[in-house]
Amino acid sequence: MSRDAEVIVIARGAEEVMRPLTLPDENREWHQCFVPVDGGFDAWIVEFWRLNWHGLLAHLESLPWPDPHSVQVLVHDQDDDCFGLWMMYDGRLVEVPLPRTRREPWPGHSVSGVLSRTDRRPAGPPGADAGPLGPDRPPAV
């Protein structure tokens with residue numbers, strides 16, 4: 001199944017830990033490789049094209065991070081309104097609840113479920129005037 005998802009890993013001093021994930025490995029469930037982000041950041045990014053990365057978060061969780069408290073994993077599935085954030089707590093990658101968002105499971109279509117903004121104005125029927133802000137632009141608070 002074709003399914004786009006982007007994952008960004010940020011982790012201080014983790015070059016050695018992430019190096020194997022930048023190389024192809026037939027033993028992994030997923031075949032895409034992380035790419036270091038240029039500019040001196042301790043960050044790596046990968047884009048998945050298929051729904052084949054089920055074991056990624058558990059794999060990342062199991063790595064020997066030099067500074068586990070700095071590990072942040074950002075996930076954006078193609079139907080998400082924004083990136084979700086996972087951080088290490090007590091040795092586990094846990095999703096950090098973001099204000100004004102809700103994650104709904106979508107088995108068979110998404111690894112992480114769909115993350116929606118709850119503060120969006122609902123779109124009206126097709127062709128309806130959404131006003132000057134448009135259907136996806138909430139008013140400034």
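Tutor: A nonpolar core here is a set of buried Ala, Val, Leu, Ile, Met, Phe, Trp, Tyr and Cys residues joined through side-chain atoms within 4.5 Å, where buried means under 20% relative accessible area, exposed over 50%, and partly exposed in between, with a 1.4 Å probe and protein chains only. Helices (H or I, at least four residues) and strands (E, at least two) are DSSP runs, numbered from the N terminus.

Student: What kind of model is this, and how are its residues numbered?

Tutor: This is a predicted model, in which local features need pLDDT of at least 70 and side-chain atom pairs count only at pLDDT 80 or more, while totals for chains, interfaces and linings use all residues. Residues are numbered from 1 along each chain as its sequence is written, and side-chain values use heavy atoms, with hydrogens and water left out.

Student: What pLDDT does the protein chain average, and where does it stay under 50?

Tutor: pLDDT is the predictor's confidence in each residue, from 0 to 100. Where it is low, the predicted coordinates should not be read in detail. The protein chain averages 84, with 83% of the residues scoring at least 70, but pLDDT stays under 50 over residues 124-141, for which the model has 14 contacts beyond four places in sequence. A contact means heavy atoms within 4.5 Å.

Student: Which pattern does the protein chain follow along the sequence?

Tutor: The secondary structure comes to two helices and eight strands, and the pattern, read along the sequence, is β-α-β-β-α-β-β-β-β-β. Of the 141 residues of the chain, 35% count as buried.

Student: Which residues does Val7 touch?

Tutor: Not counting residues up to four places away in sequence, Val7 touches Phe34, Trp44, Ile45, Val46, Phe48, Trp53, Leu56, Val73, Leu74 and Val75.

Student: How many aromatic pairs does the structure hold, and how is such a pair described?

Tutor: A pair of aromatic rings is described by the distance of the centres and the angle of the planes. Rings of Phe, Tyr and Trp (its six-membered ring) pair if their centres lie within 6.5 Å, and planes under 30 degrees apart count as stacked, over 60 as edge-to-face and the rest as tilted. The structure holds one aromatic pair: Phe48 and Trp53 are stacked, at 5.5 Å centre to centre and 15 degrees between the planes. Phe48 is buried, and so is Trp53.

Student: How many bridges join S5 and S6, and in which sense do these strands pair?

Tutor: Two strands pair if DSSP finds at least two bridges between them. S5 and S6 pair in the antiparallel sense over five bridges, with Met87 standing opposite Val94 in S6. The two strands form a hairpin with two residues between them, and Asp90 in the turn has a positive phi of about 50 degrees. Strand S2 (residues 35-36) is joined to S3 by two bridges, also running antiparallel, and Pro36 stands opposite Trp44 in S3. In the hairpin of S2 and S3, which has six residues between the strands, Gly39 takes a positive phi near 105 degrees.

Student: How many salt bridges does the structure hold, and what joins Glu61 to Arg92?

Tutor: Side chains of opposite charge can pair when their charged atoms come close. A salt bridge is a side-chain nitrogen of Lys or Arg within 4 Å of a carboxyl oxygen of Asp or Glu, and the structure holds eight of them. Glu61 forms a salt bridge with Arg92, the closest N and O atoms being 3.3 Å apart. Glu61 lies in helix H2 and Arg92 in strand S6 (residues 92-96), so the pair ties together parts that are 31 residues apart in sequence. Glu61 is buried, with a relative accessible area of 18%.
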